[in-house]
Amino acid sequence: MPELTPAQLDYLAGQRLGRLATAGADGRPHVVPTSFSCNRELGTIDIGGHHVATTKKYRDVQANGWAAFVVDDLVSVDPWRPRMLEIRGRAEAVPTGGRGLGPGFGDAFIRIHPEKVNSFGIDPR
């Protein structure tokens, strides 16, 4: 399992929203903006919201167990300087324990265990 670099962890700590991509049992893709928390101890990304257990993204993770998560922003538009972090991996639908993970989290949440990490404009060269 790849570990996120210190620069990637710092980047995530400064962001509030990302986009979660899942696929349902029918294989069709689904992408939604969502809040998240980086669990440095476990090396996971925890995806939350008020009523996650009732959402398609939660059902998708229960059905197929994989997800991708992207956080991106623009440092500048002149010159053009985007930053991006993509995390793909095994995902689990966790029914309890989410309330303490961050503002806006309900009890259920999604935990992503990174297996592939791509980044642009974050790590020093």
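The model is predicted: local features require pLDDT of at least 70, side-chain atom pairs count only at pLDDT 80 or more, and totals for chains, interfaces and linings use all residues. Residues are numbered from 1 along each chain as its sequence is written, and side-chain values use heavy atoms, with hydrogens and water left out. Helices (H or I, at least four residues) and strands (E, at least two) are DSSP runs numbered from the N terminus.

**Strand pairing**

- Two strands are taken to pair if DSSP finds at least two bridges between them.
- Strand 4 (residues 66–77) pairs with strand 5 (residues 80–94) in the antiparallel sense over 11 bridges, and a hairpin joins strand 4 to strand 5 through two residues.
- Strand 5 also pairs with strand 6 (residues 109–120), in the antiparallel sense and over 11 bridges.
- Arg88 of strand 5 stands opposite Ala68, and Arg88 also stands opposite Lys116 in strand 6.
- The bridge partner of Val94 in strand 6 is Phe109.
- Strand 3 (residues 44–48) pairs with strand 6 in the antiparallel sense over three bridges; Ile45 has Ile112 as its bridge partner in strand 6.

- Residues are classed by relative accessible area: buried means under 20%, exposed over 50%, and partly exposed in between (1.4 Å probe, protein chains only).
- In helix 2 (residues 56–64), the residues Lys57, Tyr58, Asp60 and Val61 are buried. They lie on the same side of helix 2, because they cover an arc of only 160 degrees around the axis; the arc is that of the directions from the helix axis to the C-beta atoms.
- The buried residues of helix 2 pack against strand 1 (17–23), strand 2, strand 5 and strand 6, where contact means heavy atoms within 4.5 Å.

**A buried serine and a surface patch**

- Ser35 lies in strand 2 (residues 29–39) and counts as buried, at 17% relative accessibility.
- Leaving aside residues up to four places away in sequence, Ser35 touches Arg16, Leu17, Asp46, Ile47, Gly48, Gly49 and Phe105.
- Leu74, Val77 and Trp80 form a nonpolar patch on the surface, with about 360 Å² of accessible area together.
- Patches are made of residues with over 30% relative accessible area and no salt bridge; like charges are joined within 9 Å, and nonpolar side chains (Val, Leu, Ile, Met, Phe, Trp, Tyr) within 5 Å. Accessible areas come from the Shrake-Rupley method with a 1.4 Å probe, and for residues only the protein chains shown count as cover.
- Trp80 lies in strand 5 and, at 58% relative accessibility, counts as exposed.

**Salt bridges**

- A salt bridge is a side-chain nitrogen of Lys or Arg within 4 Å of a carboxyl oxygen of Asp or Glu; by this rule the count comes to seven.
- Arg19 forms a salt bridge with Asp72, with the closest N and O atoms 2.2 Å apart. Arg19 lies in strand 1 and Asp72 in strand 4, so the pair ties together parts that are 53 residues apart in sequence.
- Arg19 is partly exposed at 35% relative accessible area, as is Asp72 at 34%.
- Arg83 and Asp73 meet through their side chains in a salt bridge (2.6 Å, N to O). Arg83 belongs to strand 5 and Asp73 to strand 4, so this pair ties together parts that are 10 residues apart in sequence.
- Arg28 and Asp26 likewise form a side-chain salt bridge (3.9 Å, N to O); Arg28 counts as exposed at 60% relative accessibility, and Asp26 counts as exposed at 56%.
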